[in-house]
Amino acid sequence: MAELIDRKDVEILKRLKVDSRTPMGSIGNKLNISKATVSRRVARMEDENIIRKYSMDVDLTSIGIMKSLVMIQVVGTPTAVIIDQLRDYEEIGGIYKTFGDHNIICEIYTKNVDEIYEMIQSKLLKMPSVRNVEVDVLIGEETLNENADLKLYEKGLKE
């Protein structure tokens, strides 16, 4: 398999994942390459859809928002059909198709446990092909290995 990105690209990505507002010149200085080279590499990775978006991290609990993961088991209907139906619910921020005990995992945002319970009862469990729904309310997040994904890729690069 051809390498999609090299070690310099990986280093650029690591720095941007930590803070996507890091100036290109600052990254270049740390990697001993020019700001223009960093900019060209970033532009190429954007064009190749390796970098798909830039985002920010908001402390939702500080503004009274609760995040839950809701696992859904689907029977008798293609998962894509259920996902299309779930798009109508503004509480759902993201959907993951999974391989395992559940077919779909949703990130759902509510103000409290009563709202997530109401959504599950009045919306999700009313869908004909939904057989089981489990919920985990997230109460904290801790990064254990920053850039674990990129470090794994990096291990496979040739010297």
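Helices (H or I, at least four residues) and strands (E, at least two) are DSSP runs, numbered from the N terminus. The structure described here is a predicted model, in which local features need pLDDT of at least 70 and side-chain atom pairs count only at pLDDT 80 or more, while totals for chains, interfaces and linings use all residues. Residues are numbered from 1 along each chain as its sequence is written, and side-chain values use heavy atoms, with hydrogens and water left out.

Asn-49 sits in the loop between H3 and S1. Its phi is positive, about 65 degrees, although Asn-49 is not a glycine. Asn-147 belongs to the loop between strand S4 (130–138) and H6. Phi of Asn-147 is also positive, near 65 degrees, in a residue other than glycine. Accessibility was classed as buried (under 20% relative accessible area), exposed (over 50%) or partly exposed (in between), with a 1.4 Å probe and protein chains only. Asn-49 has 51% relative accessibility and so counts as exposed. Asn-147 has a relative accessible area of 10% and is therefore buried.

Charged pairs were considered next. Side chains of opposite charge can pair when their charged atoms come close. A salt bridge was taken as a side-chain nitrogen of Lys or Arg within 4 Å of a carboxyl oxygen of Asp or Glu. By this rule there are eleven salt bridges.

Lys-14 takes part in a salt bridge with Glu-11, at 3.2 Å from N to O. Both residues lie in helix H1 (residues 7–18). They are three residues apart, about one turn of the helix. Lys-14 also forms a salt bridge with Glu-154, with the closest N and O atoms 2.8 Å apart. This pair links distant parts of the chain. Glu-154 is in helix H6 (residues 148–155), Lys-14 is in helix H1, and 140 residues separate them. Both Glu-154 and Lys-14 are buried. For Lys-14, the relative accessibility is 13%.

A further salt bridge joins Glu-107 to Lys-67, where the closest N and O atoms are 3.8 Å apart. Here too, distant parts of the chain are linked. Glu-107 lies in strand S3 (residues 104–110) and Lys-67 in strand S1 (residues 66–74), 40 residues apart. Glu-107 is buried because its relative accessible area is 13%. Lys-67, at 25% relative accessibility, counts as partly exposed. Elsewhere, salt bridges that share partners join Asp-6, Asp-9, Arg-41, Arg-44 and Glu-48 into one network.

Asp-9 of this network is found in helix H1. Its relative accessible area is 2%, so Asp-9 is buried. Contact was defined as heavy atoms within 4.5 Å. Not counting residues up to four places away in sequence, Asp-9 touches Arg-41, Arg-44 and Met-45.

Helix packing was then described. Two packed helices are described by the angle between their axes and the distance between the axes. Axes are lines fitted to C-alpha atoms, for helices over the stretch in contact, and angles run from 0 to 180 degrees between N-to-C directions. H1 packs with helix H2 (residues 24–31) at about 130 degrees, and the axes are 11 Å apart. H1 is therefore oblique to H2. Angles under 35 degrees count as roughly parallel, over 145 as roughly antiparallel, 65 to 115 as roughly perpendicular and the rest as oblique. On the H1 side, the contact is made by Lys-8, Glu-11, Ile-12, Arg-15 and Leu-16. H2 contributes Ile-27, Lys-30 and Leu-31.

The axes of H2 and helix H3 (residues 35–47) come within 8 Å and cross at roughly 110 degrees. H2 and H3 are therefore roughly perpendicular to each other. Met-24, Gly-25, Ile-27 and Gly-28 of H2 meet Lys-35, Val-38, Ser-39 and Val-42 of H3.

One residue of helix H5 (residues 113–122) was also followed, namely Ile-116. Ile-116 is buried, with a relative accessible area of 2%. Leaving aside neighbours within four places in sequence, Ile-116 is in contact with Met-66, Ser-68, Val-70, Ile-108, Thr-110 and Val-135. Ile-139 is 23 residues from Ile-116 along the chain, and their C-alpha atoms are separated by 14 Å.
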